[in-house]
Amino acid sequence: MKRVAAILQLLRPHQWLKNLMLFFPPFLGGTLLTQGMVVKGTIPFILFSLASSAGYLVNDLLDREADSNHPRKSSRPLVSGTASVKTAQILSVSLTACAVISAVFVGTTFTLLVLAYLTVSFAYSCCLKNIPVVDLFCIATGFLFRLMAGGAVFNIRVSEWLFLSVLLLSLFLSAGKRLSEKQTLGDTGAASHRKVLTHYPDGFLDGVLFMTGSAVLVTYTMYTLSHNFLLYTVPLCCFGLLRYILRVKSGLSGDPTESLLRDPWLLVVGAGWGIMVGWGIYGIT
């Protein structure tokens with residue numbers, strides 16, 4: 001049982017929530033409840049989950065030494081020894097092959113997006129995570145690939161304002177995650193665990209957080225103007241952004257998934273946004 005638990009921890013299934021981004025295009029386009037649409041997106045969702053887990057495995061394999069200096073990550077399977085390096089290597093190769101080969105049967109564009117996601121993910125783990133600003137954009141592109149993959153799977157055009165909103169929100173969350181790490185680790189811990197943090201001068205990540213937070217509020221508002229019933233979700237979006245900033249500046253984790261699942265306010269806001277958008281799109285005739 002311990003080995004199974006260790007493997008599950010390596011796969012990080014809680015992070016698969018990010019792959020729900022694939023369903024955003026049909027959800028916001030008003031076609032998600034059309035017969036067969038959810039089923040149509042199930043396989044792509046699973047494949048992106050496999051691809052994302054493969055990326056996490058490669059990252060953990062390369063970060064074993066650095067993770068040993070982190071207060072929480074030092075308990076990860078590869079660092080604590082509850083899972084072997086060989087197991088992680090076999091899993092990463094198997095998941096990558098399965099995701100790519102199976103993606104071919106979904107569609108060409110989807111396959112290219114999965115390959116692009118894996119390429120950026122592996123490049124990030126190998127070297128790009130050590131380059132300031134580039135690391136933030138690498139994380140953000142992961143969300144964009146998911147969004148565009150959803151558009152390809154469901155044959156729905158992703159609007160310019162939605163694209164910009166997701167990009168800026170991703171950069172906002174990435175900056176929050178890095179700022180949280182910088183505050184938690186301090187100068188000494190940052191140098192030994194995540195070197196890129198030492199390249200960010202004091203105040204820079206705060207500036208990125210505030211700038212992208214403000215920008216995403218503008219782009220999302222512009223997106224809602226073409227969907228009048230969504231305008232009333234803007235206050236929720238504003239509250240969520242401010243709550244996340246408060247959380248990060250208070251020294252709590254900036255990990256997007258962890259923040260959503262562990263912060264009751266963000267969880268309520270997220271659920272409220274989904275309900276309001278769902279009612280606005282599917283409840284008004």
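Modeller: Buried means under 20% relative accessible area, exposed over 50%, and partly exposed in between (1.4 Å probe, protein chains only). This is a predicted model, in which local features need pLDDT of at least 70 and side-chain atom pairs count only at pLDDT 80 or more, while totals for chains, interfaces and linings use all residues. Residues are numbered from 1 along each chain as its sequence is written, and side-chain values use heavy atoms, with hydrogens and water left out.

Biologist: Why is V133 called partly exposed?

Modeller: The relative accessible area of V133 is 36%, which lies between 20% and 50%, so V133 is partly exposed. V133 sits in the loop between α7 and α8 (134–154). Helices here are DSSP runs of H or I with at least four residues, strands are runs of E with at least two, and both are numbered from the N terminus.

Biologist: What makes the phi of V133 worth a remark?

Modeller: Most residues other than glycine have a negative phi. V133 is not a glycine, yet its phi is positive, about 75°. N155, also not a glycine, has a positive phi near 55°. N155 belongs to the loop between α8 and α9 (160–193), and its relative accessible area of 71% is over 50%, so N155 is exposed.

Biologist: Why is α3 called roughly parallel to α7?

Modeller: The axes of α3 (residues 37–62) and α7 (residues 108–126) come within 9 Å and cross at roughly 15°. Angles under 35 degrees count as roughly parallel, over 145 as roughly antiparallel, 65 to 115 as roughly perpendicular and the rest as oblique, so this pair is roughly parallel. Axes are lines fitted to C-alpha atoms, for helices over the stretch in contact, and angles run from 0 to 180 degrees between N-to-C directions.

Biologist: How do you know that L62 touches S125 and C126?

Modeller: Contact means heavy atoms within 4.5 Å. L62 meets that for S125 and C126, with residues up to four places away in sequence not counted. The C-alpha atoms of L62 and S125 are 7.0 Å apart, although 63 residues separate them along the chain. L62 is in helix α3.

Biologist: What makes D60 buried?

Modeller: D60, in helix α3, has a relative accessible area of 4%, which is under 20%, so D60 is buried. The side chain of D60 also makes a polar contact with the side chain of R12 at 2.5 Å. A polar contact is a pair of N or O atoms within 3.5 Å; within protein, one must be able to donate a hydrogen and the other to accept it, and residues adjacent in sequence count only if both atoms are side-chain atoms.
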